[in-house]
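Please brief me on the fold, the nonpolar cores and the salt bridges of this chain.

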Amino acid sequence: MFGYFYNESMRRMTIAFGQLFNNIQIKRKDSSDNVIQSIRVPLAYAPKEKFLVRLDQQPDLDNREFSITLPRMSFEISTIEYDATRKLNRLQKFKKVKTGADGKILDYNYMPVPYNISYTLNVFTATAEAGLQIIEQILPYFQPDYTVTVNAIPGLDIKRDVPIILNSVNYEDSYSGDFTTRRAVIYTLTFTAKTYLFGPAKTQKVVKTAQSDLYSYTDTVNKAREERIIIVPNPTSSDADDDFGFTTTIESYTDGKKYNTTTDSDE
């Protein structure tokens with residue numbers, strides 16, 4: 001039943017989610033409200049615990065080596081759940097005609113399966129002001145969702161508009177000892193991306209002939225042909241992307257023969 005395929009659907013969705021927060025900046029000003037430093041906040045795919053461990057290992061946030069790390073953001077996939085409310089008719093197809101070694105062929109994929117992918121975005125800063133700058137650049141865009149277009153299956157030119165919903169924003173100001181030796185302001189934002197996952201893509205050639213043999217319902221033993229219906233495209237040289245009709249031929253037989261699918265002959 002299961003064979004290898006990899007559409008990179010979740011990978012593309014995760015990249016699209018990360019790109020939303022890839023250009024967040026904070027600015028530091030002097031007493032005259034002049035910008036003295038502009039920092040682009042680094043973003044990485046990593047769990048929150050990884051950065052909390054680094055905070056414990058380096059207690060002095062004024063240390064120059066550690067100042068490179070803060071501010072920083074990280075995100076990760078937290079849950080993947082099936083969404084039955086968005087189920088589609090799975091017999092419908094996405095199609096695209098391509099030229100192969102045997103001429104034009106039809107590549108297709110059935111309708112995708114709806115899944116909700118939950119993401120957690122973590123914001124780490126050394127000061128409350130830096131955290132507020134980052135959060136204020138994010139929240140206004142989610143009311144409560146923001147829609148992105150994902151190139152789901154490039155080979156079939158399938159693009160999907162995926163709403164990303166902001167579920168919650170949690171704030172934590174954690175420190176130990178006095179206020180000058182260790183402090184970390186942490187915002188945790190949770191999102192849900194209502195995306196779709198596609199199954200394996202398939203290839204189909206143009207059907208040049210369709211044949212159906214009919215026999216009498218009383219002939220349950222020999223099942224000899226009595227009538228044959230043959231359908232061919234018109235014109236017969238039609239390709240997968242042609243707008244063609246069909247020619248139907250009906251023939252009658254009394255010779256008692258039947259069609260052998262193995263030898264492709266009447267016996």
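This is a predicted model: local features need pLDDT of at least 70, side-chain atom pairs count only at pLDDT 80 or more; totals for chains, interfaces and linings use all residues.

Residues are numbered from 1 along each chain as its sequence is written, and side-chain values use heavy atoms, with hydrogens and water left out. The chain has four helices and 16 strands; these are DSSP runs numbered from the N terminus, with helices (H or I) of at least four residues and strands (E) of at least two.

**Overall make-up**

- Of the chain's 267 residues, 31% count as buried, where buried means under 20% relative accessible area, exposed means over 50% and partly exposed lies in between (1.4 Å probe, protein chains only).
- Taking contacts between residues at least 6 apart in sequence, 62% join residues at least 24 apart; contact means heavy atoms within 4.5 Å.

**Nonpolar cores**

- A nonpolar core is a set of buried Ala, Val, Leu, Ile, Met, Phe, Trp, Tyr and Cys residues joined through side-chain atoms within 4.5 Å.
- The largest such core holds 29 residues, and Met13, Phe21, Leu189 and Phe191 touch the most other members.
- Two or more residues of this core come from each of helix H1 (9-20), strand E4 (72-82), strand E7 (113-125), helix H4 (128-136), strand E8 (145-153), strand E9 (158-174) and strand E10 (184-197).
- E10 gives the largest share of this core, five residues.
- A second, separate core has five residues, among them Ala152, Leu156, Ile158 and Phe198.
- Beyond its neighbours within four places in sequence, Leu189 is in contact with Tyr119, Thr120, Leu121, Val123, Ile135, Ile138, Leu139, Leu166, Ser168 and Val169.

**Strand pairing**

- Strands of a sheet pair through backbone hydrogen bonds, either parallel or antiparallel; here two strands count as paired if DSSP finds at least two bridges between them.
- Strand E3 (residues 43-45) runs parallel to E4, and three bridges join them; Ala44 stands opposite Ser74 in E4.
- E4 also pairs with E7, in the antiparallel sense and over ten bridges, with Met73 opposite Val123 in E7.
- An open sheet of three strands has the order E12-E13-E14 and antiparallel pairing.
- Its edge strands are E12 and strand E14 (245-252), each of which pairs on one side only.
- The twist in this sheet averages 15 degrees from one strand to the next; axes are lines fitted to C-alpha atoms, for helices over the stretch in contact, and angles run from 0 to 180 degrees between N-to-C directions.
- E13 and E14 are joined by eight bridges in the antiparallel sense, and Arg228 stands opposite Glu251 in E14.

**Salt bridges**

- Side chains of opposite charge can pair when their charged atoms come close.
- The whole structure contains ten salt bridges, each being a side-chain nitrogen of Lys or Arg within 4 Å of a carboxyl oxygen of Asp or Glu.
- Lys194 and Asp83 form a salt bridge with their closest N and O atoms 3.5 Å apart.
- This pair links distant parts of the chain, 111 residues apart: Lys194 is in strand E10, and Asp83 is in the loop between E4 and strand E5 (93-100).
- Lys194 is partly exposed, at 23% relative accessible area, whereas Asp83 is buried, at 7%.
- Lys96 and Asp157 meet in a salt bridge at 2.9 Å, N to O.
- Lys96 lies in strand E5 and Asp157 in the loop between E8 and E9, 61 residues apart.
- Lys96 is partly exposed, with a relative accessible area of 26%, and Asp157 is exposed, at 54%.
- Asp266 and Arg225 meet in a salt bridge at 2.6 Å, N to O.
- Asp266 is in strand E16 (residues 265-266) and Arg225 in the loop between strand E12 (210-214) and strand E13 (227-234), so this bridge ties together parts 41 residues apart in sequence.
- Asp266 is partly exposed, at 29% relative accessibility, while Arg225 is buried, at 5% relative accessible area.
- A network of salt bridges links Asp213, Arg225, Arg228, Asp255 and Asp266.
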